[in-house]
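Take a look at this model before reading on. The questions below go from the pair of chains down to single residues.

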There are 2 protein chains.
Amino acid sequence: MIDLENMRSQCPIANALEILGDRWTLLIIRDLMFTNRREFGHFLKSGEGISTNILTDRLDKLQCFGIISKQPHPKHGKKFIYDLTELGLKLAPTIIEFTLWSLDTVENTFVPPKILEMMRNDRKKLISLINKKECLVEVDL
Amino acid sequence: MIDLENMRSQCPIANALEILGDRWTLLIIRDLMFTNRREFGHFLKSGEGISTNILTDRLDKLQCFGIISKQPHPKHGKKFIYDLTELGLKLAPTIIEFTLWSLDTVENTFVPPKILEMMRNDRKKLISLINKKECLVEVDL
(Lines give C-alpha, C1' and ligand atoms only; values in the text may rest on other atoms or scores of the structure.)
Protein backbone atom coordinates (compact mmCIF):
# COMPACT_ATOMS: atom_id res chain seq x y z
CA MET A 1 0.00 0.00 0.00
CA ILE A 2 1.15 3.52 -0.75
CA ASP A 3 1.31 5.83 2.28
CA LEU A 4 0.84 9.41 1.07
CA GLU A 5 2.31 12.10 3.29
CA ASN A 6 0.24 15.23 3.87
CA MET A 7 -2.98 13.73 2.56
CA ARG A 8 -5.49 16.47 1.88
CA SER A 9 -8.51 14.20 2.00
CA GLN A 10 -9.55 10.57 2.29
CA CYS A 11 -11.02 10.69 -1.19
CA PRO A 12 -9.57 7.88 -3.34
CA ILE A 13 -9.82 10.00 -6.50
CA ALA A 14 -7.96 12.94 -4.97
CA ASN A 15 -5.29 10.61 -3.65
CA ALA A 16 -4.85 8.69 -6.89
CA LEU A 17 -4.46 12.06 -8.62
CA GLU A 18 -1.63 12.95 -6.26
CA ILE A 19 0.18 9.99 -7.81
CA LEU A 20 -1.06 9.95 -11.40
CA GLY A 21 -2.65 13.36 -11.96
CA ASP A 22 -0.49 14.74 -14.72
CA ARG A 23 -0.52 13.81 -18.35
CA TRP A 24 3.10 12.64 -18.59
CA THR A 25 2.79 10.05 -15.86
CA LEU A 26 -0.04 8.22 -17.59
CA LEU A 27 1.79 8.34 -20.93
CA ILE A 28 4.76 6.49 -19.42
CA ILE A 29 2.37 3.90 -18.00
CA ARG A 30 0.69 3.61 -21.41
CA ASP A 31 4.06 2.97 -23.07
CA LEU A 32 4.98 0.28 -20.55
CA MET A 33 1.55 -1.35 -20.72
CA PHE A 34 1.00 -1.51 -24.47
CA THR A 35 4.30 -1.07 -26.29
CA ASN A 36 7.87 -2.37 -26.32
CA ARG A 37 9.24 0.90 -24.90
CA ARG A 38 11.29 0.11 -21.80
CA GLU A 39 14.23 2.55 -21.71
CA PHE A 40 14.63 6.24 -20.92
CA GLY A 41 15.43 7.01 -24.55
CA HIS A 42 12.36 5.12 -25.76
CA PHE A 43 9.99 7.26 -23.66
CA LEU A 44 11.74 10.43 -24.85
CA LYS A 45 10.95 9.51 -28.44
CA SER A 46 7.35 8.59 -27.68
CA GLY A 47 5.86 11.26 -29.89
CA GLU A 48 4.22 13.58 -27.39
CA GLY A 49 7.47 15.44 -26.72
CA ILE A 50 8.25 14.89 -23.04
CA SER A 51 11.37 16.77 -21.88
CA THR A 52 14.30 14.97 -20.23
CA ASN A 53 13.86 16.65 -16.85
CA ILE A 54 10.13 15.92 -16.64
CA LEU A 55 10.74 12.33 -17.73
CA THR A 56 13.44 11.88 -15.06
CA ASP A 57 11.13 13.33 -12.42
CA ARG A 58 8.13 11.20 -13.37
CA LEU A 59 10.15 7.96 -13.61
CA ASP A 60 11.62 8.64 -10.15
CA LYS A 61 8.18 9.33 -8.69
CA LEU A 62 6.62 6.23 -10.24
CA GLN A 63 9.48 4.10 -8.95
CA CYS A 64 9.21 5.70 -5.52
CA PHE A 65 5.49 4.87 -5.34
CA GLY A 66 6.21 1.29 -6.44
CA ILE A 67 4.29 1.55 -9.69
CA ILE A 68 7.30 0.86 -11.91
CA SER A 69 10.57 -1.01 -11.37
CA LYS A 70 14.05 -0.03 -12.56
CA GLN A 71 16.70 -2.66 -13.34
CA PRO A 72 20.18 -2.39 -14.85
CA HIS A 73 20.08 -3.12 -18.58
CA PRO A 74 21.45 -6.67 -19.17
CA LYS A 75 23.48 -5.55 -22.20
CA HIS A 76 24.28 -1.86 -21.73
CA GLY A 77 26.03 -1.09 -18.44
CA LYS A 78 24.89 2.51 -18.20
CA LYS A 79 21.27 1.95 -19.20
CA PHE A 80 18.24 0.87 -17.20
CA ILE A 81 15.12 -1.12 -18.03
CA TYR A 82 11.79 0.04 -16.62
CA ASP A 83 8.71 -2.08 -16.17
CA LEU A 84 5.31 -1.99 -14.51
CA THR A 85 5.06 -3.61 -11.09
CA GLU A 86 1.97 -5.48 -9.91
CA LEU A 87 0.60 -2.14 -8.63
CA GLY A 88 1.15 -0.57 -12.05
CA LEU A 89 -0.39 -3.50 -13.91
CA LYS A 90 -3.53 -3.09 -11.80
CA LEU A 91 -4.12 0.21 -13.59
CA ALA A 92 -5.13 -1.69 -16.74
CA PRO A 93 -8.92 -1.45 -16.18
CA THR A 94 -8.67 2.32 -15.61
CA ILE A 95 -6.56 2.80 -18.73
CA ILE A 96 -8.95 0.65 -20.78
CA GLU A 97 -12.04 2.63 -19.70
CA PHE A 98 -10.20 5.91 -20.27
CA THR A 99 -9.23 4.76 -23.76
CA LEU A 100 -12.77 3.72 -24.66
CA TRP A 101 -14.14 7.08 -23.47
CA SER A 102 -11.61 8.89 -25.61
CA LEU A 103 -12.32 6.78 -28.69
CA ASP A 104 -16.01 7.61 -28.33
CA THR A 105 -15.37 11.28 -27.63
CA VAL A 106 -12.34 12.66 -29.45
CA GLU A 107 -12.16 12.76 -33.22
CA ASN A 108 -9.31 11.02 -35.02
CA THR A 109 -8.23 8.82 -32.15
CA PHE A 110 -6.99 5.39 -33.03
CA VAL A 111 -6.25 2.04 -31.39
CA PRO A 112 -5.03 -1.02 -33.34
CA PRO A 113 -8.15 -3.10 -34.20
CA LYS A 114 -6.81 -6.21 -32.44
CA ILE A 115 -6.60 -4.31 -29.14
CA LEU A 116 -9.87 -2.43 -29.64
CA GLU A 117 -11.68 -5.71 -30.21
CA MET A 118 -10.39 -7.05 -26.89
CA MET A 119 -11.16 -3.78 -25.09
CA ARG A 120 -14.76 -3.99 -26.18
CA ASN A 121 -15.44 -7.71 -26.13
CA ASP A 122 -12.78 -9.65 -24.24
CA ARG A 123 -11.33 -7.49 -21.52
CA LYS A 124 -10.29 -10.51 -19.49
CA LYS A 125 -8.00 -11.70 -22.29
CA LEU A 126 -6.55 -8.21 -22.77
CA ILE A 127 -5.77 -7.85 -19.07
CA SER A 128 -4.22 -11.31 -19.05
CA LEU A 129 -1.94 -10.34 -21.99
CA ILE A 130 -1.01 -7.09 -20.20
CA ASN A 131 -0.18 -9.03 -17.04
CA LYS A 132 2.03 -11.43 -19.02
CA LYS A 133 3.79 -8.30 -20.33
CA GLU A 134 3.27 -9.40 -23.89
CA CYS A 135 4.01 -6.44 -26.07
CA LEU A 136 0.78 -5.48 -27.78
CA VAL A 137 2.05 -2.73 -30.05
CA GLU A 138 5.53 -3.13 -31.51
CA VAL A 139 6.94 0.33 -32.20
CA ASP A 140 10.20 1.43 -33.80
CA LEU A 141 12.69 2.24 -31.04
CA MET B 1 -17.29 14.49 -30.78
CA ILE B 2 -14.53 16.73 -29.53
CA ASP B 3 -12.21 18.06 -32.22
CA LEU B 4 -8.83 18.78 -30.64
CA GLU B 5 -6.72 21.38 -32.38
CA ASN B 6 -3.01 20.71 -32.72
CA MET B 7 -3.30 17.03 -31.88
CA ARG B 8 0.12 15.63 -31.08
CA SER B 9 -0.85 12.04 -31.72
CA GLN B 10 -3.78 9.78 -32.54
CA CYS B 11 -3.39 8.03 -29.21
CA PRO B 12 -6.70 8.09 -27.30
CA ILE B 13 -4.92 8.23 -23.94
CA ALA B 14 -2.76 11.21 -24.94
CA ASN B 15 -5.82 12.99 -26.32
CA ALA B 16 -8.02 12.30 -23.31
CA LEU B 17 -5.19 13.67 -21.16
CA GLU B 18 -5.25 16.90 -23.16
CA ILE B 19 -8.79 17.30 -21.82
CA LEU B 20 -8.66 15.71 -18.38
CA GLY B 21 -4.97 15.43 -17.55
CA ASP B 22 -4.72 17.57 -14.48
CA ARG B 23 -5.87 16.77 -10.98
CA TRP B 24 -8.33 19.66 -10.60
CA THR B 25 -10.39 18.75 -13.64
CA LEU B 26 -11.14 15.27 -12.40
CA LEU B 27 -11.99 16.58 -8.92
CA ILE B 28 -14.69 18.84 -10.40
CA ILE B 29 -16.07 15.85 -12.32
CA ARG B 30 -15.98 13.78 -9.11
CA ASP B 31 -17.98 16.48 -7.27
CA LEU B 32 -20.60 16.64 -10.01
CA MET B 33 -20.83 12.86 -10.32
CA PHE B 34 -21.08 11.84 -6.68
CA THR B 35 -22.08 14.85 -4.57
CA ASN B 36 -24.62 17.67 -4.42
CA ARG B 37 -21.99 20.29 -5.30
CA ARG B 38 -23.25 22.28 -8.30
CA GLU B 39 -22.07 25.89 -7.85
CA PHE B 40 -18.75 27.70 -8.14
CA GLY B 41 -18.65 28.28 -4.38
CA HIS B 42 -19.32 24.61 -3.66
CA PHE B 43 -16.30 23.46 -5.68
CA LEU B 44 -14.13 26.07 -3.98
CA LYS B 45 -14.98 24.58 -0.59
CA SER B 46 -14.43 21.01 -1.77
CA GLY B 47 -11.60 20.32 0.63
CA GLU B 48 -8.61 19.96 -1.69
CA GLY B 49 -8.07 23.72 -1.87
CA ILE B 50 -8.55 24.69 -5.51
CA SER B 51 -7.89 28.40 -6.18
CA THR B 52 -10.52 30.64 -7.79
CA ASN B 53 -8.53 31.26 -10.98
CA ILE B 54 -7.77 27.58 -11.55
CA LEU B 55 -11.41 26.71 -10.88
CA THR B 56 -12.61 29.35 -13.36
CA ASP B 57 -10.19 28.07 -15.98
CA ARG B 58 -11.12 24.41 -15.53
CA LEU B 59 -14.89 25.06 -15.54
CA ASP B 60 -14.53 27.08 -18.76
CA LYS B 61 -12.48 24.33 -20.38
CA LEU B 62 -14.89 21.58 -19.37
CA GLN B 63 -17.81 23.60 -20.68
CA CYS B 64 -15.95 24.36 -23.88
CA PHE B 65 -15.31 20.64 -24.46
CA GLY B 66 -18.98 19.86 -23.78
CA ILE B 67 -18.27 17.78 -20.67
CA ILE B 68 -20.22 20.04 -18.31
CA SER B 69 -23.14 22.44 -18.81
CA LYS B 70 -23.62 25.87 -17.22
CA GLN B 71 -27.10 27.26 -16.57
CA PRO B 72 -28.27 30.40 -14.75
CA HIS B 73 -29.23 29.60 -11.17
CA PRO B 74 -33.05 29.48 -10.91
CA LYS B 75 -33.04 31.40 -7.60
CA HIS B 76 -29.89 33.54 -7.57
CA GLY B 77 -29.56 35.86 -10.55
CA LYS B 78 -25.78 36.14 -10.48
CA LYS B 79 -25.03 32.47 -9.84
CA PHE B 80 -24.73 29.51 -12.18
CA ILE B 81 -25.48 25.83 -11.86
CA TYR B 82 -23.05 23.33 -13.38
CA ASP B 83 -23.82 19.76 -14.35
CA LEU B 84 -22.32 16.85 -16.25
CA THR B 85 -23.43 16.44 -19.84
CA GLU B 86 -23.90 13.06 -21.49
CA LEU B 87 -20.20 13.16 -22.46
CA GLY B 88 -19.25 13.83 -18.85
CA LEU B 89 -21.52 11.12 -17.47
CA LYS B 90 -19.79 8.62 -19.78
CA LEU B 91 -16.67 9.07 -17.66
CA ALA B 92 -18.30 7.06 -14.86
CA PRO B 93 -16.62 3.71 -15.69
CA THR B 94 -13.18 5.39 -15.77
CA ILE B 95 -13.79 7.13 -12.44
CA ILE B 96 -15.04 3.90 -10.88
CA GLU B 97 -11.97 1.90 -11.97
CA PHE B 98 -9.67 4.71 -10.85
CA THR B 99 -11.38 4.77 -7.44
CA LEU B 100 -11.09 1.01 -6.99
CA TRP B 101 -7.39 1.12 -7.87
CA SER B 102 -6.84 3.85 -5.32
CA LEU B 103 -8.78 2.06 -2.59
CA ASP B 104 -6.60 -1.02 -3.14
CA THR B 105 -3.41 1.01 -3.36
CA VAL B 106 -3.39 4.07 -1.12
CA GLU B 107 -3.70 3.81 2.64
CA ASN B 108 -6.53 5.60 4.45
CA THR B 109 -8.72 6.16 1.41
CA PHE B 110 -12.43 5.93 1.99
CA VAL B 111 -15.65 5.59 0.00
CA PRO B 112 -19.10 5.38 1.64
CA PRO B 113 -19.95 1.65 2.02
CA LYS B 114 -23.17 1.97 -0.01
CA ILE B 115 -21.20 3.24 -3.02
CA LEU B 116 -18.29 0.85 -2.56
CA GLU B 117 -20.69 -2.09 -2.53
CA MET B 118 -22.14 -0.98 -5.89
CA MET B 119 -18.68 -0.30 -7.33
CA ARG B 120 -17.61 -3.84 -6.55
CA ASN B 121 -20.82 -5.79 -7.10
CA ASP B 122 -23.43 -3.82 -9.00
CA ARG B 123 -21.75 -1.37 -11.32
CA LYS B 124 -24.78 -1.26 -13.61
CA LYS B 125 -26.95 0.09 -10.80
CA LEU B 126 -24.30 2.63 -9.78
CA ILE B 127 -23.95 3.94 -13.33
CA SER B 128 -27.74 4.11 -13.65
CA LEU B 129 -27.93 6.23 -10.46
CA ILE B 130 -25.13 8.48 -11.76
CA ASN B 131 -26.98 8.91 -15.06
CA LYS B 132 -30.16 9.85 -13.20
CA LYS B 133 -28.04 12.46 -11.36
CA GLU B 134 -29.17 11.15 -8.04
CA CYS B 135 -26.90 12.66 -5.47
CA LEU B 136 -24.95 9.82 -3.93
CA VAL B 137 -23.08 11.71 -1.22
CA GLU B 138 -24.88 14.60 0.44
CA VAL B 139 -22.25 17.06 1.65
CA ASP B 140 -22.57 20.29 3.64
CA LEU B 141 -22.53 23.22 1.23
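Residues are numbered from 1 along each chain as its sequence is written, and chains are lettered from A in the order in which they are written. In this predicted model local features need pLDDT of at least 70, side-chain atom pairs count only at pLDDT 80 or more, and totals for chains, interfaces and linings use all residues; side-chain values use heavy atoms, without hydrogens and water.

Q: By what turn can chain A be laid on chain B?
A: The superposition is by least squares on C-alpha atoms of residues with pLDDT of at least 70 in both copies. The RMSD is 0.0 Å, and the shift along the axis is 0.0 Å. The two copies are thus related as by a two-fold rotation axis. The turn is 180°.

Q: What percentage of the interface residues of chain A are also interface residues in chain B?
A: Contact here means heavy atoms within 4.5 Å. The copies meet through the same surface, because the shared fraction of chain A's interface residues is 100%.

Q: In what order do the elements of chain A run from the N terminus?
A: Helices are DSSP runs of H or I with at least four residues, and strands are runs of E with at least two. Chain A has eight helices and two strands. The order is α-α-α-α-β-β-α-α-α-α.

Q: What is the radius of gyration of chain A?
A: This radius is taken over C-alpha atoms, and the globule rule is 2.2 Å times the number of residues to the power 0.38. For 141 residues, a compact globule would come near 14 Å, and the value for chain A agrees. The C-alpha trace spans about 45 × 35 × 30 Å along its principal axes. The radius of gyration is 16 Å.

Q: How far apart are the mean positions of the positive and negative charges of chain A?
A: Lys and Arg count as positive, Asp and Glu as negative; His and the chain ends are left out. Each charge is placed at NZ of Lys, CZ of Arg, CG of Asp or CD of Glu. Chain A has 20 positive and 19 negative charges. Their mean positions are 4 Å apart.

Q: Is B:L32 buried or exposed?
A: Buried means under 20% relative accessible area, exposed over 50%, and partly exposed in between (1.4 Å probe, protein chains only). B:L32 sits in helix α2 (residues 23-34) of chain B. Its contacts beyond four places in sequence include B:F43, B:I68 and B:Y82. At 4% relative accessibility, B:L32 is buried.

Q: Which residues does A:T105 touch, not counting residues up to four places away in sequence?
A: A:T105 belongs to helix α6 (residues 92-105) of chain A. Its relative accessibility is 1%, so A:T105 counts as buried. Beyond four places in sequence, its contacts are B:M1, B:I2 and B:L87.

Q: How far apart in space are A:S69 and A:Y82, C-alpha to C-alpha?
A: A:S69 lies in strand β1 (residues 68-72) and is partly exposed at 23% relative accessibility. A:S69 touches A:Y82, and also A:I81, A:D83 and A:T85. The residues A:S69 and A:Y82 are 13 residues apart in sequence. Their C-alpha distance is 5.5 Å.

Q: What is the phi of A:N108?
A: A:N108 lies in the loop between α6 and α7 (113-121) of chain A. A:N108 is not a glycine, yet its phi is positive. In chain B, B:N108 also has a positive phi, near 65°. For A:N108 the value is about 65°.
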